[in-house]
Protein chains: 2
Amino acid sequence: MVEIQPALVPMNRGAGDLEGQLYRGLRSRILGGALAAGARLPSTRQLATSLGLARSTVVSAYERLQAEGYLESSAGRASRVAPIARPAVRGSPARRSIGRSKAVESELLPLTPGVPDLASFPSAVWGRLLAARARRMPAADLGYGAPLGLPGLTEAILAHIAVSRGVVAEPDQLVLFPSTRSAIALLARLALRGQPAGAAQAWVEDPGYTNAQQILREAGATLLPVPVDEAGMDIGKVPHRPPPSLIYVTPSHQYPAGVTMSLARRLQVLEVARQSGALILEDDYDSEFQFDGRPVAALQGIDQAGVVAYIGTLSKVLAPGVRLAYAVLPRSLLPAVQMAVALQGMAVAIHIQAAFLDFLRDGHFRAHIRRMTPLYAARMAAFREAVQSACGPHVRLGPGTGGLQIPIWFEDERIDDRAAALALQQRGYGPQPLSAMHLGAARPGLLCGIAMLQPERAGAAAAAIAAVITGNAS
Amino acid sequence: MVEIQPALVPMNRGAGDLEGQLYRGLRSRILGGALAAGARLPSTRQLATSLGLARSTVVSAYERLQAEGYLESSAGRASRVAPIARPAVRGSPARRSIGRSKAVESELLPLTPGVPDLASFPSAVWGRLLAARARRMPAADLGYGAPLGLPGLTEAILAHIAVSRGVVAEPDQLVLFPSTRSAIALLARLALRGQPAGAAQAWVEDPGYTNAQQILREAGATLLPVPVDEAGMDIGKVPHRPPPSLIYVTPSHQYPAGVTMSLARRLQVLEVARQSGALILEDDYDSEFQFDGRPVAALQGIDQAGVVAYIGTLSKVLAPGVRLAYAVLPRSLLPAVQMAVALQGMAVAIHIQAAFLDFLRDGHFRAHIRRMTPLYAARMAAFREAVQSACGPHVRLGPGTGGLQIPIWFEDERIDDRAAALALQQRGYGPQPLSAMHLGAARPGLLCGIAMLQPERAGAAAAAIAAVITGNAS
């Protein structure tokens with residue numbers, strides 16, 4: 001068990017109140033992995049003395065960290081860093097806390113959500129396209145170039161998502177980013193610009209994507225959690241609500257519940273945004289793989305008022321390491337985004353842009369989706385059946401009709417899903433606790449990725465889950 | 001001549017006062033290229049009527065745009081978009097205003113500053129390394145991976161800049177970015193976080209890098225221009241100065257004057273930062289090519305107080321299209337940066353990281369610098385001599401002892417350097433007007449890149465400059 005020396009607790013630069021500084025300093029170290037899961041914190045008295053702070057300041061900071069899930073403590077015991085608490089990438093497991101090489105390997109654990117089958121990445125084709133483009137890259141394209149993307153790439157991506165996702169836009173509306181999260185960060189910052197910190201309301205799904213929520217907070221928003229049911233985000237459940245400046249939503253495949261937003265709800269959220277002048281961030285992170293027919297088209301495609309910014313990514317359909325995402329912007333936000341991108345410069349290497357353009361044009365992208373869909377469908381089906389059979393009445397499964405992950409909700413809400421996730425990690429599985437994805441009342445369960453679970457291993461995985469649930473429920 | 005319809009003038013989302021909205025809307029369109037150089041704006045009366053604004057609001061917005069160099073107007077004539085006004089990349093020419101394909105080609109014009117000789121990019125090696133790495137990339141490395149960089153890459157970059165630049169740091173202090181500007185944007189945002197907009201002072205060089213200045217403004221800073229002389233930024237020239245939160249400086253090769261900051265000034269700026277708790281952003285954008293001996297080491301290497309964030313980039317030494325830059329951070333800023341990067345995810349594609357690691361390890365990087373240095377030295381020498389010979393007493397040249405560009409200051413300060421730059425662009429040369437890089441009193445001249453100027457073309461380039469100066473001065 002690691003014990004933390006007070007001297008190791010950093011105080012952030014220029015960071016306002018002391019409690020906030022201490023909170024952020026500790027949080028950073030937990031997020032960065034310097035404070036690993038299970039590490040014991042100094043007592044509040046000890047830390048207060050060594051930092052020259054009032055003990056109440058330290059107590060407040062600890063309480064805040066505990067409330068947000070970074071720390072765990074029980075009466076009379078030292079506070080410890082919570083097992084899975086860092087804002088990992090969507091669905092990826094705790095990483096730095098278990099050392100780098102083990103951590104990266106843990107992305108390959110069966111049941112890790114949010115990661116595609118990395119072993120199926122088309123490395124040979126990708127290498128060939130990168131090399132071919134690099135060798136014949138015109139000198140003119142190696143400069144600062146078009147900060148909004150290689151000519152032709154914008155059009156090719158739009159042509160793809162027009163067909164697959166019903167996105168309707170002109171080429172100048174599409175902007176490249178290295179990741180969904182970097183797109184959310186920039187768009188939120190621009191949409192909320194000029195509003196005092198905390199004044200702007202951002203409506204978010206509950207449960208939802210904690211990283212996006214944290215990015216919205218950092219952009220200065222106050223979060224308003226909106227409950228999710230089987231038809232998606234239900235605005236009607238929040239009777240007294242300040243008008244939003246921003247609405248973050250995952251309509252195609254709600255994260256983490258996996259439900260698809262109904263058309264009525266879609267029209268409702270569009271209308272709210274139209275009336276309030278809010279920007280809707282539609283995060284379409286995992287819509288390429290559908291197992292029972294065509295997915296509902298993107299919200300962006302039915303937006304008549306120009307309030308939706310649509311965000312897509314290659315992270316789930318190809319691999320996160322490619323670092324290519326794109327946002328389709330409403331015209332109102334376009335000048336500000338174009339200026340920001342022109343000011344900061346192109347974010348994606350020209351060789352990556354060029355290789356992906358060829359990957360799209362030459363049909364490799366569609367071929368990859370065609371090849372992976374039945375594989376993923378089989379893995380999802382095998383896992384669903386195995387869990388139903390092994391856990392029966394103890395769990396309720398999410399839809400699992402598409403995408404790379406499925407939530408398993410525990411019927412017994414007293415089960416500690418963080419402990420369950422940790423126990424499963426020790427057995428070689430990488431699910432994430434669903435309670436960590438709630439802002440309001442937390443429902444326990446596990447978000448399970450199926451991308452790397454061979455059907456023949458589904459039974460063993462389900463048995464491990466059943467054992468952990470039973471063990472915890474006893 | 002393009003005339004702008006009032007209907008085309010956008011009003012930004014949620015953007016505060018009307019004058020500010022109009023200002024930003026027009027600025028965005030100028031920056032984005034939708035309003036090209038020379039485009040005529042509607043009269044203030046006409047625009048006020050069609051937008052339903054007070055005429056004084058429109059007048060104020062126009063005046064602000066004019067003061068910042070976006071618009072030009074003379075008594076009794078319509079306002080027009082200024083010729084070279086967008087925040088181009090450092091040294092790169094106006095781009096969108098002249099259409100995309102012509103624009104990209106214009107980066108290849110001789111005398112374009114801020115761009116290396118793109119035709120000398122080692123495309124064959126780069127393609128080979130990309131392909132080799134892509135083909136054998138382990139599945140584990142294709143995931144979300146280490147958001148702070150591929151293991152080994154951090155160490156290899158640090159080993160290089162320890163020797164070449166005297167940068168002293170541990171591997172965990174280095175973070176990758178796609179570009180210098182994206183690093184400046186994040187670091188400034190984090191360093192100024194929690195301060196009300198405009199409250200934080202950022203000291204910047206005058207003349208200086210306008211894009212960096214604009215990024216600092218966007219991060220909420222108020223700029224304090226500090227004059228530059230032959231020994232770099234001279235803080236002593238600013239007697240009444242509020243303490244800085246941030247100091248942006250280019251000590252090795254001041255942009256655009258090309259001077260090297262003296263040690264006395266280095267120690268002075270370090271001491272100011274130490275006393276005020278400011279962060280120094282050391283932008284070491286163009287220090288790899290030195291024509292007369294070893295460059296002065298980086299400010300970072302002599303920083304005892306941990307106040308310097310050092311930023312380096314491959315844009316000048318290899319090519320901007322590679323999109324790889326790095327920041328070496330002081331420990332005080334590290335947790336906040338690590339958290340921000342963990343939250344937004346890795347910014348650089350894993351294949352680019354891997355190829356550059358091999359490029360460094362296999363000695364290609366040093367070989368490229370060794371190969372290019374005498375080429376650039378010859379181009380610089382030929383250009384200096386030709387300009388001295390052709391323009392003689394009309395100009396004063398910057399040092400030109402290293403780097404890819406040299407300023408040519410006009411002795412006759414009445415010469416319009418924007419017009420001169422535009423005239424030279426029409427003759428196939430790409431220098432930039434130095435007056436545009438001033439915050440205070442502007443001194444005219446041309447910033448000229450030598451990277452793409454063959455020695456045998458130096459005479460013709462110098463003659464073209466002489467002709468333009470004479471024509472304008474007559």
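Okay everyone, here's a quick walk through a few spots in this structure, which is a predicted model.

Let's start in chain A, with a pair of helices. Helix 7 of chain A covers residues 180–192, and helix 8 of chain A covers residues 210–218. They pack at an angle of about 30°, and their axes sit 9 Å apart. Angles under 35 degrees count as roughly parallel, so that's what we call helix 7 and helix 8 of chain A. Their crossing is right-handed. And who's touching whom? From helix 7 of chain A we have A:Arg181, A:Ile184, A:Ala185 and A:Ala188, and they meet A:Asn211, A:Ala212, A:Ile215 and A:Leu216 from helix 8 of chain A. Sort the residues of that contact and you get 6 nonpolar, 1 polar and 1 charged.

Now over to chain B, and strand 12, residues 405–410. Is it buried or exposed? Well, 6 of its 6 residues are buried, so strand 12 of chain B is largely enclosed by the rest of the structure.

Strand 11 of chain B, residues 395–397, pairs with it in the antiparallel sense over 3 bridges. Strand 14 of chain B, residues 445–449, also runs antiparallel to strand 12, joined by 5 bridges. Keep an eye on B:Trp409: it stands opposite B:Arg396, and also opposite B:Gly445 in strand 14 of chain B.

Last stop, B:Ser120. You'll find this one in the loop between helix 4 and helix 5 of chain B. B:Ser120 is buried, with a relative accessible area of 11%, and it touches B:His368, B:Arg371 and B:Met372, leaving aside residues up to four places away in sequence.

Technical notes:
Residues are numbered from 1 along each chain as its sequence is written. Chains are lettered from A and ligands numbered from 1 in the order in which they are written. This is a predicted model: local features need pLDDT of at least 70, side-chain atom pairs count only at pLDDT 80 or more; totals for chains, interfaces and linings use all residues. Side-chain values use heavy atoms; hydrogens and water are left out. Axes are lines fitted to C-alpha atoms, for helices over the stretch in contact, and angles run from 0 to 180 degrees between N-to-C directions. Helices (H or I, at least four residues) and strands (E, at least two) are DSSP runs, numbered from the N terminus. Angles under 35 degrees count as roughly parallel, over 145 as roughly antiparallel, 65 to 115 as roughly perpendicular and the rest as oblique. A crossing is left-handed if the near helix is turned anticlockwise from the far one by less than a right angle, and right-handed if clockwise. Contact means heavy atoms within 4.5 Å. Ala, Val, Leu, Ile, Met, Phe, Trp, Tyr, Cys and Pro count as nonpolar, Asp, Glu, Lys and Arg as charged, and the others, Gly among them, as polar. Buried means under 20% relative accessible area, exposed over 50%, partly exposed in between (1.4 Å probe, protein chains only). Two strands pair if DSSP finds at least two bridges between them.
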